[in-house]
Amino acid sequence: MKKTLFFMSVSLLTLAACASNEEGETNEAEAEGEASAEEVDEETNNEAEISEEVVEIEFWHGMGGGLGDTLEALVDDYNASQEEFHITPEYQGSYEELLTQFRTVGGTETAPALVQMFEVGTKYMIESGYITPVQEWIDKDGYDVTQLEENILSYYTVEDELYSMPFNSSTPALYFNKDMFEEAGLDPENPPRTFSEIKEAAEKLTDEDTYGFSMLGHGWFFEQLIATQSADYVDQENGRTADATEVLFGGEEGLRAYEWLNEMNEAGTFEYYGRDWDDLRAAFQTENVAMYMDSSAGTKDAINNAGFEVGVSFIPHADEIDPNGVVIGGASVWMGSGISEEEQQGAWEFMKWFNQPEVQAEWHVNTGYFATHPEAYNEPVVEGEHEEYPQLRVPIEQLQATVPSSATQGALITVFPESREQVVTSLEELYQGTSPEDALQMAVEGSNRAIEVSERASE
Amino acid sequence: MKQQAADILDTKTLTVQDAIDKYKVASTKTWWQKTGNYRIAFLYLLPSLLLFSVFMFYPMIYSLYLSFFFTDAQGTASAFVGWENYTYLFQSAAFRNSVGVTLLFVLYTVPSSVIIALFLALLANEKLRGIGLYRTIFASTLGMSVAASAVIWLFMFHPTAGILNAALTSINLPALSWLQDSTMALVSVAITTIWMNTGFSFLILLGGLQNIDEHLYESARIDGAGYFYRLRRITVPMLSPTLFFIITITFINSFQSFGQVDILTGGGPAEATNLIIYSIYKEAFIYYQFGPASAQAIILFGAVLLLTLLQFKFGEKKVHYQ
Amino acid sequence: MKRKMILYALLTLAAFVMFFPIMYAFSVSFMTSEDILSRRLLPSSPTLDNYRDVLVSVPILHYLMNSFIVASTATLGMLIVSALAAFIFAFIPFKGRQAVFLLFISTLLIPWEATMIPNFFTIQSLGWMNNYLALTIPFFALAFGTFLLRQHFKTVPQELYEAAQVEGLSNFQFFYKVVVPYAKTSFVTLGIFGFLTTWNMYLWPLLVTTNDTVRTVQIGLRRLQADEVATNWGLVMAGVILVIIPTLILLAAGQKQLQKGLAKGAIK
């Protein structure tokens, strides 16, 4: 039996080795035809080792899976495009782990020159003292930052200073199964917009194998439902004029969202698929869910993986109000302090480079994240893509239609990760039968306690 | 108990230690000679003691210290709060829930892990052709990392693409929300944990079974005792030290189940799988609140220590040493 | 005969249940994403694409080598440090030895996750970030290992000790000339056990490394999973298979030793 297992493994390893060889050959084949980008990159790498002129720059990121591959390819392109700097991307686990990692090494020599940080880590980064606001370099270099997408910049701008460079930004949108809409007698070209419209549509779409609506267990979606009602998440203008002292989402705006979800859940037209992005998506693709909210970054995957027509629309809003739009999510890239001027220069050059329309066009097409530079949408590669997937335009329109305000600018609080956890937990309690008022109150109390603890700790 | 057992043993199995004891009594040594053992012991124990001090005892003491503070954004103790972290925990519904969940989890995993492993070990202890293959398969989960195991189960539990729900629907049963339903999620994490534990427990129990003297069975067979009579009267008593060991280890491990929770549920839904160990991790590494996290760690340590001592006190009485 | 049939039936059924997750992962690793979504048990047309993609997107061979270095070093250190301590607990009596032994055993109860925060700072201040030291040294001292070896050492027959006295061997000579060879089985056992556990470390390597130089294979596994975009399960399973093969081989090869050695430690 040892032999069997051993044989199995050996054959497997051999197969794996063959597979990698095969890949090598394809690369060579490509390279023969034309000098491939990778080859150029390799040359730069070699030069990097030989010449001392090249400045090494570490770039920490939290992107796993295919996104990580795209990011690494992007960095390779940059390295190939010039010879002064060499950027090394380093994966640090999930966004949370990345933050932990940065907290602990911040200010030491292990700290990187460039670090990606999810949006809720913004407040921490600003206060950490381990970063240089990119505004300094913008001023020094006379860079025209207004050319970038205003609604993305606004999140990372505090007191008129831009702290980090937008990198991968997304917003939620409503995704729905057009085929099911038709079967249920709904108009797929005119999808529901308000809470009550969604509720009604969900009722029609629900049958024995299908639930009408679902929402991922992630605080980000609830934040959108609040923001679009023009309500701040925390006080002090969403924490942007001073440190927030308490959360504000416990008001009627929050309650509307909780009640709406509760009504659908009780009517059996809503099903909860947990906190894992993948589980909810799979449920949509296998037609167990007819409508759900997802990140705009997943649009293309959603369309490609579905065996039916996928519709994309704006996020739902309460009946009582006019929608104010969305808050961006995703992450931005920060510049570490305490490193040499030269390294900062390199970091800055990279930031400028990836915000160019051509680069952003590629980025947008390959990842589904927004282009930070609006002109990128006029690039042929994007236009072609949008022709093929017209749904990709919807989140862009939604973002550009967003009404600027402290609500849609997004909240700045240090304890955001904890507050999100409190919200998700309370929603899960709601789905298990707790009343909307009690559930919401739990999230409010939990978040306020977190704010209080962090306040007292920093006194 | 042990002493009595040792008395019965004949001189052949007398250990070196006994010999040393005898030797020591008879001798008259100088002070330098008398302390010789201390010096040797110190030297040999030094590496362990040093490493334990740095990586086990110091962190525990530091945690104790931190548990009386709030920590700032850099993780340093910044505000002394006395017992607040503890009193808050005892009042907090979330912590009470974690305690309940942890106890329930221990209850789900420990007995079933041991019983399944015992069952497999009894099967694999039969003298049959090809038994080696079966033994290796049963032991295989010992070679599986937490990360790999949990990822495989995560996919099997997948609500729509998972094989478990596919199997259920194919025999006309309703699909289950393995990880999305509060009650089910803890069971699912427990199933994964039991599976992961089995390899180790199985190997140890199988080794224990093979150490049982064949003559005992033979004489029982001559007396006409049936399989289950032999199991109850010979196997289980003779195996009891091994069983006791396995129960203790499984018990301690169960309190420390982290990776599978992190990958499968992240403590959810509605904190239904938020074991104390996971709650500590979240408090410390996601919320960056080392004070409350440390208070939980101290409570967990105290509880496990207490329960293990109780187990030794009452459990060991039932154990037969050969 | 009938009894044998029943036994084989039970064995096979149990083996199937126990081994199913591993076999299933193996099968999925050869599937295309269509096969995966349609919940097939076996791939409709087996493909090696997933393996190729894993090798391209993650430096898995580099990670495997790191894991190998880390696990072997930690195992070796664990054996030496535990053996030294076990020798004292088995042979050298002194007043308070029982108390020291209890102190050792009490470390079994300390949850590793609970000590992680201060340990993280310790590693940081020692300057061991991104260093093999951080992944190995903290695991050298192991209460379980000390306990296991002590139990074996105690079975060393008296004659051997007497012979050593006659030969005029020092304690250390007695230790490495007599005790170590005598308890070879237990060293192999602890070695395999130590290798498996350090190979499988999950959270710690991620915390104490910030780049690929010393990262281990379990992190590579993590890197394959995505958040905001769809996870490619075939790819992940291919990664899983590559990661578990070395330990499964080791386990299969050393299973007998492991079983004997572990059992001895547990009983006496």
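Visitor: What percentage of the 268 residues in chain C do buried residues make up?

Guide: The structure shown above is a predicted model, and chain C in this model has 14 helices and zero strands. A residue counts as buried if 20 or more other C-beta atoms lie within 10 Å of its own C-beta atom. Among the 268 residues of chain C, the share that is buried comes to 56%.

Visitor: Which element gives the most to the side of domain 1 of chain C that touches domain 2 of chain C?

Guide: Chain C is divided into domain 1 (1-47) and domain 2 (57-267), and the centres of these domains, taken over C-alpha atoms, are separated by 32 Å. The contact takes eight residues from domain 1 of chain C and seven residues from domain 2 of chain C, and on the domain 1 side the elements that give two or more residues are α1 (2-28) and α2 (33-37) of chain C. With three residues, the element that gives the most to that side is α1(C).

Visitor: How many charged residues does the side of domain 1 of chain C that touches domain 2 of chain C have?

Guide: Sorted by class, that side of domain 1 of chain C has five nonpolar and three polar residues. For charged residues on the side of domain 1 of chain C that touches domain 2 of chain C, the answer is no charged residues.

Visitor: Is Ser170(C) buried or exposed?

Guide: Ser170(C) is found in the loop between α9 (158-167) and α10 (171-182) of chain C, and its C-alpha atom is 24 Å in space from that of Thr185(C), 15 residues apart in sequence. Because Ser170(C) has 10 other C-beta atoms within 10 Å, Ser170(C) is exposed.

Visitor: Which helix gives the most to the side of chain B that touches chain C?

Guide: The contact takes 78 residues from chain B and 74 residues from chain C. On the side of chain B that touches chain C, the residues divide into 58 nonpolar, 17 polar and three charged. Giving 18 residues to that side, the helix that gives the most is α4 (residues 36-66) of chain B.

Visitor: Which residue is the bridge partner of Thr71(B) in β2(B)?

Guide: Strand β1 (residues 69-71) and strand β2 (residues 77-80) of chain B run antiparallel and are joined by three bridges. The hairpin of β1(B) and β2(B) has five residues between the strands, and in this hairpin Gly75(B) takes a positive phi near 85°. In β2(B), Thr71(B) has as its bridge partner Ala77(B).

Visitor: What percentage of the span of residues 99-311 of chain B is helix?

Guide: An unreviewed UniProt entry annotates residues 99-311 of chain B as "domain: ABC transmembrane type-1". The end C-alpha atoms of residues 99-311 of chain B lie 19 Å apart, and the span is 0% strand. The helix share of this span is 75%.

Visitor: Within what arc do the buried residues of α18(A) fall, seen down the axis?

Guide: The buried residues of helix α18 (residues 393-400) of chain A are Pro395(A), Ile396(A), Gln398(A) and Leu399(A). Seen down the axis, these buried residues line one face of the helix, because they fall within a limited arc. They pack against α7 (150-156), β8 (172-177) and α14 (299-305) of chain A. The arc within which the buried residues of α18(A) fall is 160°.

Visitor: How many residues of domain 2 of chain A are in contact with domain 1 of chain A?

Guide: The domain assignment of chain A gives domain 1 (51-169 + 329-387) and domain 2 (172-325 + 415-458), with centres separated by 29 Å, taken over C-alpha atoms. Eight residues of domain 1 of chain A take part in the contact, and the number from domain 2 of chain A is 12.

Key
Residues numbered from 1 in each chain as written. Chains lettered and ligands numbered in written order. Predicted model: local features only at pLDDT ≥ 70, side-chain atom pairs only at ≥ 80, totals over all residues. Pairing = 2+ DSSP bridges. Helix = DSSP H or I, 4+ residues; strand = E, 2+ residues; numbered from the N terminus. Buried ≥ 20, exposed ≤ 12 C-beta atoms within 10 Å, placed from the backbone. Domains from an automatic or database assignment. Contact = placed C-beta atoms within 7 Å. Nonpolar A, V, L, I, M, F, W, Y, C, P; charged D, E, K, R; others polar. UniProt positions renumbered as here; feature names shortened; annotations may be inferred. Arc of directions from axis to C-beta.
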